[in-house]
Amino acid sequence: MNYFEYIWVWILSILAIAIIVWIVLSPVNTLRELNALPVIVYQVEGDVYTRQGLQLSRGDTVQVGTSFTGRDDSQLILKLSERSFIHFGGAFSAGYHRVEGYRLPIFELAAGWMNIKRHISDVRVAGAFQTPVGNLTTSPDASSWLVYPFNEIYTKVTSENVHILVPNGPIRWTEEEGSTTIRSGSKLVVSRFSSQRQLTEMPAAVQIVSPEDDGPTYFPGDLVRGYTITWRSTEPTLQYMVRIEKSDNLLPYFQHMSEEPAYTVSGLPEGTYTISIGSVHHSFGVSRWSDGFRFTVSGRVKDTLDCSITNYYASYTQIRGQTYIYGCVPNTDTPLHVGVFSRGDVWYLQSATGLRGAIPAEDGYWEISVTESSQYRVVINPLDIVFESVTANINQANALFVEEIDISQ
């Protein structure tokens, strides 16, 4: 063996030793059990209790060994990481346990429904989920990662069946009879008391029709009144799920059920968002998501206005053919909102988001996009006083500030 061959032997030997050490000591090694990331209560609605009778609250940490139940319309979202979550709903019975044969703790669902979205790079997030008759495991599939770098599952456990919907797969279902791969857009129904199994392909995803813009940027004032997103479906559906996610945090920022193929998006703070629409065909869960509509809320129509040194103030400007009413409120401990009314045959509220107006920013700045009039009236009230949608006198008895604006001059 010559000198160069000795060098290569030493190099390869050192690399082999380094690889072995990395496998043994690395936090993602396969030779010892991983410690899961902390599981945090991200959102909770209604009553959700642990087996010990403790009520879960936002920010609580769910430890391995915890069992919990929801009652009727309870909602619980557990934050597994910045990109992965698990959502329980209805009258559910579930737990976070360590089961023999798995390197990570797994979630168990005994009754109710759950939705899991797990990013492929979250190696410390539970990837197996147990039902009364079998296990679900997120499966590696490089071709799926190119489009959706995550797996998503909807599971509903009833007294008769286990229903599994997979918007983004593949998912591996394992039971005593063997394993089944459930790919994107498929549904598996498993009988709890017989050998009956039904795997079906679900209808195509809905298509977003408008807005047609690709990645538009809106001013915050555009999101006070909001804009309407519409879509179409080729198949009948019970209802639609609208999911809004913020780009820096893939947990649902907002979810809404709609019976109509349209939804008005409003009231979002600055940031970049993605909206996806899913069809709900069988009373729970989404079988396929639409392509995401991505947009940004950013900037101000009057970025030179310093509200830190301004009292109550209102004016208007026109940008890109759109009219915006903007202004300031003084620093106050009283939560305020700003309503802008437009004059037609009657005065009517333009900033109608549940009869609430624009909420000023921390420095007191506010803005609202308006249309279809040349005369406007700005009314600023405490937040606990709602605005009337159509009124002649605009209920100014408790107003802190009223200003008439005529943009025809």
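Trainee: Two strands pair if DSSP finds at least two bridges between them. So which residue stands opposite Tyr376 in S30?

Mentor: Ile405 does. Strands here are DSSP runs of E, at least two residues long, helices are H or I runs of at least four, and both are numbered from the N terminus. This is a predicted model, where local features need pLDDT of at least 70, side-chain atom pairs need 80 or more, and totals for chains, interfaces and linings use all residues. Residues are numbered from 1 along each chain as its sequence is written, and side-chain values use heavy atoms, without hydrogens or water.

Trainee: How many bridges join S29 to S30?

Mentor: Six bridges link S29, residues 375–382, to S30, and the two run antiparallel.

Trainee: What order do the strands of that sheet take?

Mentor: The order is S27-S26-S29-S30, four strands in an open sheet with antiparallel pairing. S27 (347–349) and S30 (401–406) each have a single partner strand, so one side of each has no neighbour in the sheet.

Trainee: Zooming out, how many helices and strands are in the protein chain?

Mentor: Three helices and 30 strands. Of its 409 residues, 45% count as buried, meaning under 20% relative accessible area with a 1.4 Å probe, protein chains only (exposed is over 50%, partly exposed in between).

Trainee: What share of the contacts comes from residues 24 or more positions apart?

Mentor: They make up 58% of the protein chain's contacts with a separation of 6 or more. Contact means heavy atoms within 4.5 Å.

Trainee: Which residues in the largest nonpolar core touch the most other members?

Mentor: Phe68, Leu76, Leu78, Ile86, Phe88, Phe107 and Ile164, out of 32 residues. Such a core is a set of buried Ala, Val, Leu, Ile, Met, Phe, Trp, Tyr and Cys residues joined through side-chain atoms within 4.5 Å. Elements giving two or more residues to this core include S1 (39–45), S6 (85–97), S7 (106–119) and S11 (161–168). S6 gives the largest share, five residues. Apart from this core lies another one of 18 residues, among them Val242, Ile244, Ile277 and Val297.

Trainee: Back to Ile164. What does Ile164 touch?

Mentor: Leaving out residues up to four places away in sequence, the contacts of Ile164 include Leu136, Ile153, Thr155, Trp173 and Leu188.

Trainee: And Thr131, is that buried or exposed?

Mentor: Thr131 counts as buried because its relative accessibility is 6%. Thr131 sits in strand S8, residues 128–131. With residues up to four places away in sequence not counted, Thr131 touches Leu109, Thr155, Val157, Val162 and Trp173.
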